[in-house]
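Hello,

Here is the structure I promised to pass on to you. Please have a look at it first, and then read my notes below.

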Amino acid sequence: MNGVRSLASSERRRGPGWAVRAIFAATFLSAAFLILTPLLALLHGSFQTGSPGGASEFTLRNWRDLGSGNIVHTLFVTCYISVATSVLSTIGGAGLTWLVYRSDFRFKKSLVGAVGLSFFFPGFILAMAWVILASPGGIFNDLLGHVFGGDDPVFDIYSVSGIIWIQVLHIVPFAFFTLRGPMIAMDSSLEEAGYASGGNPWAVIRRVTLPLMIFPLLSSLLLCFVLSVEQFAIPAMVGIPGHVNTLATELYLLTSFSPPNTGLAAAVGLAMSAVTGLSIFAQRRVIARNTAPTVTGKGYRVRPLALGRWHWAANTICLAYVAMSFFIPTLALIYTSCIKFFVANPFDAAWTFRNYQQLWESPGTLRAFWNTLVVAGGGAVLGLTLGTLVAWFTHRLKPPGYRALDVLAALPFGIPGIVIGLGFLWSYVYLPIHGSLMVLVFCYVARFLPYATETVGAQVVQLDKALEEAAWASGANRLVSFRRIILPLLRPALQSGYFLLFIAYFREIAAAALIYTASTQVLSISIWAFFENANWGVASALSIVATIVTVALMAAVMRAPLKV
Amino acid sequence: MGIGVESLVKKYGGKTIVDNVGFHIADGELVSLLGPSGCGKTTTLRCIAGLETPEGGRIAIGDEVVFDAASGVTVEPYHRNIGMVFQSYAIWPHMTVFENVAFPLRVRGASQTEVERRVVRALDRVGLGAFRDRSSQQLSGGQQQRVAVARAIVHEPAVLLFDEPLSNLDARLRDQTRAEIRALQRELNIATIYVTHDQTEALSLSDRILVMRDGRIEQFGTPEEIYARPSDMFVAEVVGTANFFDIVVDDAGLGRDSGGTVFRTAFPGAAPGKARAMVRPDRLRIGADDGAGGPNRLRGTVRQRLFMGGYYEYVVETASARPRVLSAEAFAEGTPVVLSFNDENCIFLARD
Ligand SMILES: Nc1ncnc2c1ncn2[C@@H]1O[C@H](COP(=O)(O)OP(=O)(O)OP(=O)(O)O)[C@@H](O)[C@H]1O
Ligand SMILES: [Mg+2]
């Protein structure tokens, strides 16, 4: 024993307080730099006459121009689209949640799986598929024209309702996943008491379930609203051609087309952030007020409500949703990627693999693959590391100043992607990383920091503090206990955090749209660019290849035993 | 060796949780920290383990000062030679039973053969020899508790710290495990602090009991001392059931209750005036009323009788109180009885 014991006493030193403080300071400064720099730059830009890096002077004009008819109109359109999207998505999500967790719906597992698939289906690819399907020259209109005659297209995706339609398809899974937790946690004996008191199913839903779910529903509504306001790819792909602009696309147009008005764009961006920031703030308040009784511990299984003859309605609606949000768009893309020139009728099509071949032969595309790998694969490591540190400090160590860090790290939730991109555009010209992939990485790390902190934080909170203390009491110093105890226990959260970040970085267009350069182009941007150039075939082929590669990579990452 | 704590002070946000606590524990001695919930037992233990940094005082483990506010010494928990059993057991779910127990040896750089030898011995000691390759998630509460104990003793620490290790076990298992912990501690002969708010546990396990109240030491002594001669009413109630009788003490040191019964104690020194006499239920003898008078004889009537298995528990109404009495003899409710007790089983306490 002596050998063992003397080791403990020979290695005496004063507390590691300074090291923890240094790491905290580094974390705080990194987060502050990444998040505050673009915001401050925007603020600065909103008072400038010129563009980033160019000659410019102070002005109040941009803020005055916010009140101009055009911007106010765009604001109304944005609000209309977003309110409609959030209401419809929440209703859809709530309906699906109820079917899965309260009824005897037969295909629960498949439904949850399919909803998960559409959750990870990138919005810009969905939008692209729907343009192929429902634009005036698209597949649906062509088919209907053949059936009914007449030349007027039945569907026009390039419209306000087109934007709402695609956004709802895209956001329903999000509503489903936010409502699922509260629904599972809700004490179902309260509903059973409703039935026992003689309530019919509809009365119980209306008088018990809905009132109990009111806060989660409100919260979902607000989150969907924010997602819709900040949505860029969908309105850019179907709105701009139809001359329907939202604040996000307006900001993009102001910046990208000459003469650029980057100052006004900055003011629009800040105004947008005010809207989304306030919504997020309201959502947090709503969550905090949620007092619905929840089941603690295991609880017993809910007796599912029999759908009876409504089964067919439920089956049809779910099948339709899954088809519209995932399977038909995917088929449309596969089809488009395999034909020479776009025709709606497969029997008229000239089949080819040329589109795929072109990907391989285009150096720009290969470069985009490599860039995406660096940005999504490597950037996610950076984002996850920062997120984990933030979560650890705000939930566990709580050094002085941790509240400020908490607020700081939650800020990007309220800042639309295109606005963060614009902020980087306004600031990076002054930074040495100008024009390198690092700009994109920093931008993504900042934008998606909350994803990482929330995912890891949820697990940190669950982790019994005594597990780490037991390691210290056993003689393991902070580093060893972190490596041997904390890291392995956080592994599931770290893996899913990495997964989330990778997907988010991979499919991001909004934040990159304003700051990519020819040499830093990433896959999402390439696909978009091909599509904008009416090169639907190559865009589709690239979407499919990119999706397959991602899925394969992620499967490898999730399988890899992250041995530490 | 042992543990020395001097004028320990710990505050949370301006509130003093541990208030000037000091005590010494000899090598091989088992001391219980006993007190009601929230009195600062866990906090004191965590200060000794180094999991909390006190605001003031000195702590020594063995010959070594591990904390001294005056000279600014703070030794990290992992450099204190301790073994600790947490209330939640804190068994690492991602390690097998063997790896859990091996951890303190591994981080100290012990050789593989050494690890093997010691872990097997520790597991055998707690009766888990057959469980070494089990995943720690397939253990019952009692087995987890044993793994936690094995992990705490495997590196033969200078002190053992227990925080309510039995509070998550059911009553039967608790009795059995209590005896095992005592035997193990005797065998290892390590200075041990045992936090509990269970009086039976404290009385049966400890060499000495340290009774705490609101962050202060109320009394520190052997179980027998504390049971028979509590320093005040608080301690009397913490370490068992107590019957109190309101009395007035005269200059001769004799007490008298409102019914005129004279109380005599073997422990003189109570100030004249209002006081309380305390007699434990098991030290009161109950008998049929034979009309005889004298000191330490209380007349009363049986008001309630509960059959407890091996004995009866009575509530008897006397002139000044309704004491509880334990006896194997049967008396019907309503029977007039006399309660008597010896001088050394009666103690006068200040009314507070
Ligand atoms: N981290 C903390 N911050 C603020 N107050 C605390 C903290 N930890 C403990 N306290 C307070 O210190 C007091 C003593 O707590 P402690 O855990 O030491 O009590 P205890 O005697 O172990 O009680 P129990 O028998 O319930 O375990 C309590 O009033 C508690 O509320
Ligand atoms: Mg405690």
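**An open sheet in chain B**

Chain B holds an open sheet of 6 strands with mixed pairing, in the order S7-S8-S9-S3-S10-S11. Its edge strands are S7 (82-85) and S11 (216-221), each pairing on one side only; two strands pair if DSSP finds at least two bridges between them. Neighbouring strands of this sheet are turned by 15° against each other on average, direction ignored, with axes being lines fitted to C-alpha atoms and angles running from 0 to 180 degrees between N-to-C directions. Within the sheet, strands S3 (residues 30-34) and S9 (residues 191-196) of chain B run parallel and are joined by 5 bridges. Ser32(B) stands opposite Tyr194(B) in S9(B).

This is a predicted model: local features need pLDDT of at least 70, side-chain atom pairs count only at pLDDT 80 or more, and totals for chains, interfaces and linings use all residues. Residues are numbered from 1 along each chain as its sequence is written, chains are lettered from A and ligands numbered from 1 in the order in which they are written, and side-chain values use heavy atoms, without hydrogens and water.

As a whole, chain B has 8 helices and 21 strands (DSSP runs, numbered from the N terminus: helices are H or I with at least four residues, strands E with at least two). Of its 352 residues, 53% are buried, meaning under 20% relative accessible area with a 1.4 Å probe, protein chains only. The C-alpha trace of chain B spans about 80 × 50 × 35 Å along its principal axes.

Best wishes

Note on methods: Buried < 20%, exposed > 50% of the residue type's maximum accessible area, 1.4 Å probe, protein only.
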